[in-house]
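Here are some notes to read alongside the model.

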Amino acid sequence: IAPCARIVLSLQKGWNRLVVLVAKTRSDRKTCWFTASLYGEKRDDYESEGIVWATRTPTTGGSAPVIAGDRVFFTGEGGTVTCINKGDGKILWTHTVTYWDFATPEERAANADLFKELDAAAAKLKALDEAAPTAAPAYQERASLDTQITKGMRKVSDERYGNPATWGCEAGFAACTPVTDGKRVYALFGTGIVACFDLDGRRVWARLLKRRMVEHGYTSSPLLVDGRLVIYFDDFTELDAATGAVLVERPHFPAKGPTLSWYSHFHGTGVVLQA
């Protein structure tokens, strides 16, 4: 079965037994694996009893939510951060950060015609953010605009914007769970973008981290430790949580070889211990 393939199973009422044969198909793999999720065929197969509220999010994403007081925060594809009311699930605000936000005056001057298109796409994306609390989600339009901006910024500078840090990134670019100190929320994306917002949605700072191509992308979530945002991305990095300034940067040491460097990366989030 191809990756992420969907198949329909004919099940009988009661217990069913599913047998799966997992075979190694690549010579460079020492092991092989299988993961699966089972879903009902129809939407009404799911129970709704006990659910206080349900909200359609502006974008899709794989991160977990975090809570600060009466607000819930989560990230989504395309570099979005969304805040909802914990009591009723209503969207309070959504903001998106893309590579476009990091364009320099020099890059704009050297690519004036291209930025006419990119500025228009960014304006449409901002309009979707502003409409998110009341409008129906526009998944396809958001995805199209994000793709346009990503490809356009790669033309501006392949070195700065050309490596979104993924190869076979099954979890997408919004797999890192944000973190909050109760006053601000900090979000990290697989594109290398890290951003800080206050609880009312005002962006405090944003930074573009160094990144490289790694198999399965980046999934390690950031940590807050003594006023520092600790990130293991391509480097081990500590940022000043208040300003986003780099305080510590330690290089990643990949395994030797052009292929192995993709694999020498972990996907777990660290913990803080007293030593």
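1. Rings of Phe, Tyr and Trp (its six-membered ring) count as a pair if their centres lie within 6.5 Å; planes under 30 degrees apart are called stacked, over 60 edge-to-face, and the rest tilted. On these terms, ring pairs join Phe73, Trp93 and Phe197 into a cluster. The model is a predicted one, in which local features need pLDDT of at least 70 and side-chain atom pairs count only at pLDDT 80 or more, while totals for chains, interfaces and linings use all residues. Residues are numbered from 1 along each chain as its sequence is written, and side-chain values use heavy atoms, with hydrogens and water left out.

2. How many aromatic pairs does the structure hold? There are five. In one of them, phenylalanine 73 and tryptophan 93 have ring centres 6.0 Å apart and planes at 50°, so this pair is tilted. Phenylalanine 73 belongs to strand 2 (residues 71-76) and tryptophan 93 to strand 4 (residues 91-96), so the pair links distant parts of the chain, 20 residues apart. Strands here are DSSP runs of E with at least two residues, helices are runs of H or I with at least four, and both are numbered from the N terminus. Phenylalanine 73 and tryptophan 93 are both buried; buried means under 20% relative accessible area, exposed over 50%, and partly exposed in between (1.4 Å probe, protein chains only).

3. Tyrosine 186 and tryptophan 205 make another tilted aromatic pair, at 6.3 Å centre to centre and 45° between the planes. This pair also links distant parts of the chain, with tyrosine 186 in strand 6 (residues 184-188) and tryptophan 205 in strand 8, 19 residues apart. Both tyrosine 186 and tryptophan 205 are buried.

4. The largest nonpolar core has 30 residues, and Phe73, Trp93, Met153, Val156, Tyr161, Ile193 and Phe197 have the most contacts inside it. Such a core is a set of buried Ala, Val, Leu, Ile, Met, Phe, Trp, Tyr and Cys residues joined through side-chain atoms within 4.5 Å. At least two of its residues come from each of strand 1 (66-68), strand 3 (80-85), helix 2 (112-131), helix 3, strand 6 and strand 7. Helix 2 gives the most, seven residues.

5. Which strands form the open sheet, and in what order? Four strands, in the order 5-6-7-8, make up this sheet with antiparallel pairing. Strand 5 (179-180) and strand 8 (203-208) are the edge strands, each pairing on one side only. Two strands pair if DSSP finds at least two bridges between them; strand 7 (residues 193-198) and strand 8 have five, in the antiparallel sense. Cysteine 196 lies opposite tryptophan 205 of strand 8.

6. Strand 9 and strand 10 run antiparallel and are joined by three bridges, with leucine 223 partnered by valine 230 in strand 10. Their hairpin has two residues between the strands. Aspartate 226, in the loop between strand 9 (223-225) and strand 10 (228-232), has a positive phi of about 50° although it is not a glycine. Is aspartate 226 buried or exposed? Its relative accessibility is 77%, so it counts as exposed.

7. A hairpin of three residues leads from strand 10 to strand 11. Five bridges join strand 10 to strand 11 (residues 236-240) in antiparallel fashion, and valine 230 stands opposite glutamate 238 in strand 11.

8. Helix 3 (residues 139-156) supplies the largest share, eight residues.

9. One cavity of 30 Å³ or more is found. The largest cavity has a volume of about 40 Å³ and is lined by Leu209, Lys210, Phe233, Asp234, Asp235, Thr237 and Glu249.

Notes. On a 1 Å grid over the protein atoms alone, a cavity is a set of points where a 1.4 Å probe fits but cannot get out, and a pocket is an open set with protein on both sides within 12 Å along at least five of seven lines; lining residues have an atom within 4 Å of a point. Grid points are joined across faces, edges and corners, and a volume is the space filled by probe spheres set on the points.
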